[in-house]
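Please look at the sequence and the structure first, and then follow each solution step by step.

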Amino acid sequence: MDTRWKNRGSLIRNALGLGLGVGLLFAATPGIAGDTTDKGCTWFDGVESCPVDASKLSATNEGLLVESTDGKQSGVSLHLEGATGWDAWLSPLEPDGSSRMLLTYIGAQPDGTSEMLERVVVARSKAENQGAIYVDPSVHGASTYTVRGYVGGKLAFERFGVAPVPESFGGPAGPGDDAKFSRLVAFPGKWGSGHGVIAGPNGEGCTPGLDFPFPRPVRFPDHTLSVAVDLVTFRPEGVQSHSHALREVSLQGVGMQSFTLQKVARTP
C-alpha cells in the first residue's frame, strides 16, 4: 500500500473535522471538458478553474459555486499541469435517478501530449437501488479492477479481479452518453471525498478514489459486501499509463443545477 493513501486518510479526517465534506481526484483534456478559453475562469485555492459548457463560477461563503446557466448541467475544469495528485471537497451528494456526476481523468505524457486515464460516473443504480461507481473500461481496455478499502487511512480490504457489470443509468442526456459504463461497486447514502495519485500503490498508473462521510460497506457485482470503509480506491488491472503527471480534471454534474467546491488541494 502506498503511504500516500495514509496521508490522504489524515487529510480526509482533518477536512471532515472542519466540515468541508467531499473530495475528488480527476483529470481531463480541454476537448473533453469543453472549450473553457476566456469564459469566466478564476483561481480557487491556487488552482485555475474554468466553467464547462453552459456554466458559470462564482465565489460564495461556502466556496466556489459551479452553476448551470441552461438548466442541463453544471461543470468545472481544473487546470493541474504537473500535479501528481489532487483532492477537492464538495458538499456531500447522494446519487438519485435524475442526476449524475461525470469525472474524466487525463494525464500529461513526457512528450507533452495528453492521455486519457479513466472516465468515471457516480450515479444511482437501478439494479442495486443505491449509489454506485461506474467505470468506462473502453478507455484503456481493462476487464478487471483492483479495489481497496480504507478506514482512517489504514487498509481494511483488498480485492483483485473485480469485473464491472455493464449497466445503464437513468437521468437526462449529457456528456459521456457515448461511453459504455459498467458498475464497479455500489454503496448506500451519500458519497464524500475522493482522492487519487497518478502513480498508484505499485506504480501502475492512475488510481482514483472516492470516500464517504461515514464508514459503510460497498457492494460488489457478485453481491458480496465489504467491511465498512470511508475510502475506496480502484485501478484497472493490466494497464500501464505513460503519463508522468496530471493535466486537468473535470467535474460535470449532469442534471445538476449547481454544486459547490469547498476546497481543493494538489500534489505537489
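Buried means under 20% relative accessible area, exposed over 50%, and partly exposed in between (1.4 Å probe, protein chains only). The model is predicted, so local features need pLDDT of at least 70 and side-chain atom pairs count only at pLDDT 80 or more, while totals for chains, interfaces and linings use all residues. Residues are numbered from 1 along each chain as its sequence is written, and side-chain values use heavy atoms, with hydrogens and water left out.

**Exercise 1.** Find the partner of E81 in a salt bridge, and describe where the two residues lie.

Solution. A salt bridge is a side-chain nitrogen of Lys or Arg within 4 Å of a carboxyl oxygen of Asp or Glu, and by this rule the count comes to seven. One of them pairs E81 with R247, whose closest N and O atoms are 3.0 Å apart. Because E81 lies in the loop between β5 (73-79) and β6 (85-90) and R247 in strand β17 (residues 245-254), the pair ties together parts that are 166 residues apart in sequence. Strands (E, at least two residues) are DSSP runs, numbered from the N terminus. E81 is partly exposed at 47% relative accessibility, whereas R247 is buried at 14%.

**Exercise 2.** Determine which residues are joined with E128 into one network.

Solution. R183 meets E128 in a salt bridge at 3.3 Å, N to O, and both residues are buried. R219 also forms a salt bridge with E128, at 2.7 Å between the closest N and O atoms. R219 is partly exposed, at 25% relative accessibility. Salt bridges that share partners join E128, E167, R183 and R219 into one network.

Notes. Helices (H or I, at least four residues) and strands (E, at least two) are DSSP runs, numbered from the N terminus.
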